[in-house]
Amino acid sequence: MLKQQVVAILNEIGTLLEIQGENMFKVRAYYNAARTIEQLDKELSDVVASGELGELRGIGDTLREKITTLVTTGQLPWYEDLKKKIPQGLFSMLRVAGLGPKKVKALYDELGIDDLDKLKAACERGEVAKLKGFGVKTQEKILEGIEFIRLTGSRVRIDQALPIAMSLVEELRKMPEVQRIELCGSLRRRRETIKDVDILVSSAKPEPIMERFVKLPGVVQVIGTGETKTSVVLDVGAPGRQQLINADLRVVSDEHFPFALHHFTGSKEHNITMRSRAQDKFGLKISEYSIEGDSKSIKVKDEAALFKALGLSYIPPEMREDTGEVDLAEKGQVPTLIEASDIKGVFHNHTNWSDGKATLEEMAEAARTMGFQYLGIGDHSQSLTVANGMSVERVKKQQAQIDALNKKFKNFHVFKGSECDILPDGSMDYPDDVLATFDYVVASVHSHFGQTKEEMTARIIKAVRNPHVTMLGHATGRLLLMRDGYQVDLEAVLQAAAQSGTMVEINAQPSRLDLDWIHCKRAKALGVMLVINPDAHSTGELFLFRYGIDVARRGWLEPGNVFNTRSLEEVKKEFARRKK
DNA sequence: GCCGTTTTCGGCCCGACTGTTTTCAGTCG
């Protein structure tokens, strides 16, 4: 059974147990196990086979047995029985704001409600308000919640939310009443998809800030407004395509700001680890307002001081996912993460020779203006006809044009590359003599996504081992919130890349962000060199490399782990070395 | 259900808010 399926089942078990009214700590054990498996940077089947499963934190004898059964037999009778007791529709009811497992169970037990349609109808008939523990207000909130799900429902990509969230922050920052302001939540941690926008402000005068907030561009509805918190609905969709998400603004006193900032940045799991540790080690209680001991209260001026007060070095927000960062901070071993300013150029970009919008000259000029030392062009190869893939003949012409262009530049260089298709059998889309004419080759899968995991893994590994291949493009082909990647054993691919010295791309298109951050960590551990590429199809898209920086930082990468932090001379030298 | 250089049993992060309550359970982040 696939890792993603195991994760889904563990989460589902957690919810089923919750609805059944199980002990919350037992429930959490299943959610924790799901998260641990999800963030595993190796193949789950390998971990099971090698016996490492039971050594993972939060997986004891019971969970080890259940997960092993799932992975090896593809099913778990205990889970099947559990599932029979509880209708699937209750899961959709849990998405309604204000409804948790207890209320959902009551609705099911008392009124036989087991899906959203029945829930809506019962509310409209006034039946829900009569239930014990419910009331008219709850009933109204449920109806609003159902409507909100209909309007919003899903997560959005970071590129949809970040620009608008930042513009809100910048507008509020102009106000004299605002002392400090930061984006919080998953946006500050730069997760690839987000559910809502969280903004934190410190001020002695909240009212004018709240008033201004609800009138800012993008705000389409005010859900609630108070002295400490205001909630609105934000439209983050492209013009003409409404896409709504929730946005919360919180205002605290400046003294509370560092505590609140850490609290609302999360992740929840990171906070739990931080708080448990502070409790165990120092008997200190961390909350969103303070750090309290038996007699003392610790004051800090900013987040860095907060970590310091707990004997930890600063942990950047992107690392706060409870994947070992607190241990690292305790030992003073938090890596110096890569920053956007470390990037000297990018390699995987398209021009109007294939499916890009801009000309070669325009792309080069844009890269120069951005302060890059070099730009790599990697138009599509011949078999990708839908993207105007380049015949061998056209490759020669483009290369001649690049050579001519390079004569005009001083301290800037355009590298001749290709985004060459990996054919279904793992061979490349150009013959060796053509591949040899490029400075570098990005190898990507664009077809036959339906191959078995074994076929796909063998196919990609063959490409990775091809001496002409410099780097592997978008390793799984996933499209966030749209399509899962093809099935591939990334551990085997990364090991092959480590062996052959082939680089692996972090494709910075916000719809891809592939290689993902979890496998970035693994790649780093294996010594694989990564490379951040915007996969730009226009001059404006060159800036997308910044989303790749976010992934790299979430993956604990330092400048030395990323090839395009190297200078033009170093890159030239490396490409020349690989030609020998 | 997990976990332990003080523990193999008794803990498990913390506080706010809401609505339904006469003191608190459920939900949320």
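Two strands pair if DSSP finds at least two bridges between them. I also note that helices (H or I, at least four residues) and strands (E, at least two) are DSSP runs, numbered from the N terminus.

This is a predicted model, where local features need pLDDT of at least 70, side-chain atom pairs count only at pLDDT 80 or more, and totals for chains, interfaces and linings use all residues. Residues are numbered from 1 along each chain as its sequence is written, and side-chain values use heavy atoms, with hydrogens and water left out.

**Strands.** I looked up β2 (residues 180–183) and found that it pairs with β4 (residues 196–202), antiparallel, over 4 bridges. Glu182 has Leu200 of β4 as its bridge partner. I then checked the faces of β2: Ile181 and Leu183 sit on the covered one, Arg180 and Glu182 on the uncovered one. In a regular strand the side chains alternate between the two faces of the sheet.

**Cysteines.** I searched for disulfides (two cysteine sulfur atoms within 2.5 Å) and got 0. Cys123 counts as buried because its relative accessibility is 3%, with buried meaning under 20% relative accessible area (1.4 Å probe, protein chains only). Cys520, at 0%, is buried too.

**Second largest pocket.** Helices α20 (453–465) and α24 (568–579) each supply at least two lining residues. With 4 residues, α24 gives the most.

Definitions and conventions:
Chains are lettered from A and ligands numbered from 1 in the order in which they are written. Buried means under 20% relative accessible area, exposed over 50%, partly exposed in between (1.4 Å probe, protein chains only).
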